[in-house]
Amino acid sequence: MVVEISVGEKPSFAVIDAIVHKHNVQPGSVIPVLQEIQDAYGYVPPVTIQRIAENMGIPASEIFGIVTFYSQFRLEPIGKNLIKVCHGTACHLSGAERIAHILAQATGAEEGETSQDGMFTVEQVACLGCCSLAPCIMLNGEVHGRLTLEAISKTVSQVKESETLTPAE
Amino acid sequence: MMTLSKKKNGKWVIRVGLASCGIAAGGKKVYDTFRTKLQDNGLDVELKQTGCMGMCYNEVLVDISPPEGGHVFYKHVTPEQVERIVAEHLIGGKPVNEWVIPADALDSLLAKQKRIVLRNCGEIDPESISDYLDVGGYKAIEKALNSMSPQGVIDEITESGLRGRGGAGFPTGVKWGFARKSPGSQKYIVCNADEGDPGAFMDRSVLESDPHSVIEGMLIAGYAIGATEGFIYVRAEYPLAIHRLEIALAQAGERGLIGEGVLGCNFDFNISIRQGAGAFVCGEETALMMSIEGKRGMPRFRPPFPAQSGLWGKPTNINNVETLANIAWIILHGASAFNACGTDKSKGTKVFALAGKVAHGGLIEVPMGITLREIVFDIGGGTSSGLEFKAVQMGGPSGGIIPASLADTPVDYDSVNATGAIMGSGGLIVMDESACMVDIARFFLNFTQDESCGKCTFCRIGTLRMLETLERITSGKGEEGDLELLGELAQGIKRASLCGLGQTAPNPVLTTIRYFRDEYEKHIYEKKCPARKCQALITYEIIADKCPGCGLCAKYCPSDAISGERKKPHTIDPEKCIRCGLCESVCRLGAISVH
């Protein structure tokens with residue numbers, strides 16, 4: 001079944017059960033299940049962990065351990081727009097830290113935070129693999145490269161204007 | 001960068017590079033504009049998307065092949081330029097030379113390259129299986145199934161001298177042999193596409209540009225060791241690679257190339273994709289398998305090796321993307337064609353992601369044995385900044401820094417190891433004089449410390465102690481004895497860590513101390529950062545003569561440290577300045593100086 005939920009919606013057990021049942025025939029499907037739940041809600045709502053545990057017959061503590069081990073998973077909701085700032089070697093050499101500074105100014109969110117208006121979540125990532133276009137960021141799944149500080153301010157204000165919704169990661 | 005393509009019905013062919021780099025540079029709009037303009041003009045031209053053409057510094061790239069063959073490459077193409085290209089080149093027959101990459105520039109870029117892994121990259125449409133079939137795709141698995149025994153395949157790969165391209169360089173044929181000999185009816189093939197090294201994008205480019213070649217490599221590996229199931233473990237940060245792999249797997253399934261009875265033979269093989277969830281350590285094979293099994297990705301002790309007891313305790317063979325992309329070529333062309341290229345102990349080619357402060361960054365493939373100098377200067381065109389070439393970083397956080405003085409080191413596993421760096425998976429970052437080596441060491445340690453899974457004490461706590469020491473040095477609080485402390489910690493971490501992450505984590509620090517000890521000493525004893533990078537050791541000032549008082553820097557300054565009247569030179573208050581450097585980045589007149 002295709003799960004269609006908008007980000008920000010309250011988690012529903014029916015949805016979680018459907019996702020789990022789609023996967024539970026395979027061994028080792030906890031991670032894909034969690035990824036699908038995060039795709040649906042933009043994060044892994046903590047209340048879902050117990051439910052997944054019961055459905056899959058795995059201790060909740062183990063699932064919590066998985067969620068906190070992998071940096072992809074979030075236990076808190078994200079803003080409408082997700083920005084990942086690349087801190088790879090090439091981006092570091094081209095001033096990734098300055099990019100983060102400017103983004104914090106423009107969005108109101110430091111790395112690892114969501115802005116107060118809920119518009120932006122800014123995350124730090126190790127490398128987006130677009131090193132020839134350093135410095136780069138990923139905005140809602142799309143890579144923007146060869147950034148200048150002005151280009152970032154412009155991109156952020158464009159997003160603010162258009163009020164786009166986040167396609168979940 | 002490519003072999004001459006087969007002409008299709010004598011048509012013009014337009015290729016737009018749409019791997020992640022091309023898309024990030026605006027390639028999709030260029031592609032769409034071409035489509036519209038071709039329709040408007042009623043032109044019967046084959047327009048196709050391709051993957052990475054390798055010249056990332058020229059993105060957006062468009063490759064136009066006239067009906068009589070050959071290639072004309074346009075660089076930095078914008079949607080606005082498309083109309084003129086269509087009118088003058090496609091209709092008028094004359095390339096718009098001012099936007100074309102000159103032939104001699106292409107020659108110097110390509111002369112020292114040899115493309116085996118990247119043979120189809122930039123040439124075929126990665127989302128079209130018929131494109132792959134047109135260039136001889138899936139002929140190698142056909143050959144293996146019809147005319148070679150599984151042991152024969154392993155012998156051919158062993159004979160070719162192919163070594164694992166993930167970094168460690170273990171002979172691929174030998175590895176396959178172990179997995180084949182392991183008893184058990186259920187065996188697995190895993191493709192390691194968890195390319196986690198910051199500064200590396202080879203695997204992403206191959207998967208985005210030629211996914212079928214990797215699938216075919218897995219099929220051949222599966223046939224050779226007797227496996228029926230494969231997993232591709234790919235980073236979630238690579239959505240386009242995942243998308244194109246999904247398309248490729250579906251297409252291969254429809255054609256009977258994967259599934260039950262591959263090509264009508266008595267060989268079953270299925271492949272599924274598993275997305276990594278953002279843990280660098282999962283690039284290590286035992287951690288990767290834990291992650292596929294749905295657990296925290298923590299490495300375990302070897303032996304038993306995966307070939308004996310891997311996924312769910314079954315014999316498992318794990319190869320890197322680039323290794324697998326070599327396989328079909330070797331089976332089709334023979335081991336001797338492959339090992340004709342390279343050095344005594346390192347055969348074939350190596351793909352590098354050439355990036356950093358280099359003029360011609362991109363994806364390159366070179367014969368083993370080429371020197372770093374040839375890569376940086378002949379292919380890379382020297383530094384992008386015009387500043388002096390200082391060093392290259394190879395092998396990411398597990399690798400090390402090789403200084404300019406060793407630029408004549410040949411690129412093969414053993415020579416690179418001798419410098420203290422490692423071949424690694426292929427990240428090759430060029431650094432110019434503006435790079436601070438202590439800062440680079442701190443940067444990598446920060447990464448490995450963060451990514452340590454926490455299982456081994458030396459890795460978990462030792463890397464933190466090293467990081468703290470480096471942070472003290474870069475913030476001007478370095479002390480006598482710090483270098484010895486770093487050396488001692490490094491030895492302990494290398495010896496007492498279970499997996500490659502910990503065993504290699506100190507390499508960036510050790511190589512920078514080895515080759516740039518004077519830079520460390522300047523930080524520690526003189527409290528100076530010669531490259532003017534370390535924030536605590538520098539001050540920013542405005543050069544009054546150059547400052548027209550435009551106020552741009554003041555607008556961007558996050559700490560309100562810059563003040564001045566409009567149209568008069570501004571000043572920076574050192575007390576308020578947090579040394580973020582934004583003013584330097586935004587000033588178009590170079591009026592900000594760093595001391």
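How many salt bridges does the rule find across the interface of chain B and chain A? The count is 2. The model open in the viewer is a predicted one, and the tour starts at this interface.

**Stop 1: the two chains.** Show chain A and chain B in separate colours. Together they bury about 4000 Å², with 58% of that area on carbon and sulfur atoms. Chain B brings 69 residues to the contact, and chain A brings 41 residues. Next, select Ala277(B), Arg296(B) and Tyr556(B). These residues supply 15% of the area that chain B buries against chain A, more than any other three residues.

**Stop 2: a salt bridge.** Select Glu584(B) and Arg98(A) and display their side chains. The two side chains form a salt bridge, with 2.9 Å from N to O.

**Stop 3: a helix pair in chain A.** Select residues 30-41 of chain A, which are helix α2, and residues 46-56 of chain A, which are helix α3. The helices pack at an angle of about 145 degrees, and their axes lie 12 Å apart. Their crossing is right-handed. To see the contact, show Val30(A), Val33(A), Leu34(A) and Ile37(A) on α2(A), then Thr48(A), Ile52(A) and Met56(A) on α3(A). Of the contact residues, 6 are nonpolar, 1 is polar and none is charged.

**Stop 4: helix α9 of chain B.** Move to residues 202-209 of chain B. Is this helix enclosed or open? Helix α9 is largely enclosed by the rest of the structure, because 8 of its 8 residues are buried. The buried residues of α9(B) include Asp203(B), Arg204(B) and Glu208(B), along with Met202(B), Val206(B) and Leu207(B). Ser205(B) and Ser209(B) are buried as well.

Notes
Residues are numbered from 1 along each chain as its sequence is written. Chains are lettered from A and ligands numbered from 1 in the order in which they are written. This is a predicted model: local features need pLDDT of at least 70, side-chain atom pairs count only at pLDDT 80 or more; totals for chains, interfaces and linings use all residues. Side-chain values use heavy atoms; hydrogens and water are left out. Axes are lines fitted to C-alpha atoms, for helices over the stretch in contact, and angles run from 0 to 180 degrees between N-to-C directions. Helices (H or I, at least four residues) and strands (E, at least two) are DSSP runs, numbered from the N terminus. A crossing is left-handed if the near helix is turned anticlockwise from the far one by less than a right angle, and right-handed if clockwise. Contact means heavy atoms within 4.5 Å. Ala, Val, Leu, Ile, Met, Phe, Trp, Tyr, Cys and Pro count as nonpolar, Asp, Glu, Lys and Arg as charged, and the others, Gly among them, as polar. Buried means under 20% relative accessible area, exposed over 50%, partly exposed in between (1.4 Å probe, protein chains only). Buried area is the accessible area (1.4 Å probe) that two parts lose on being put together, summed over both. A salt bridge is a side-chain nitrogen of Lys or Arg within 4 Å of a carboxyl oxygen of Asp or Glu.
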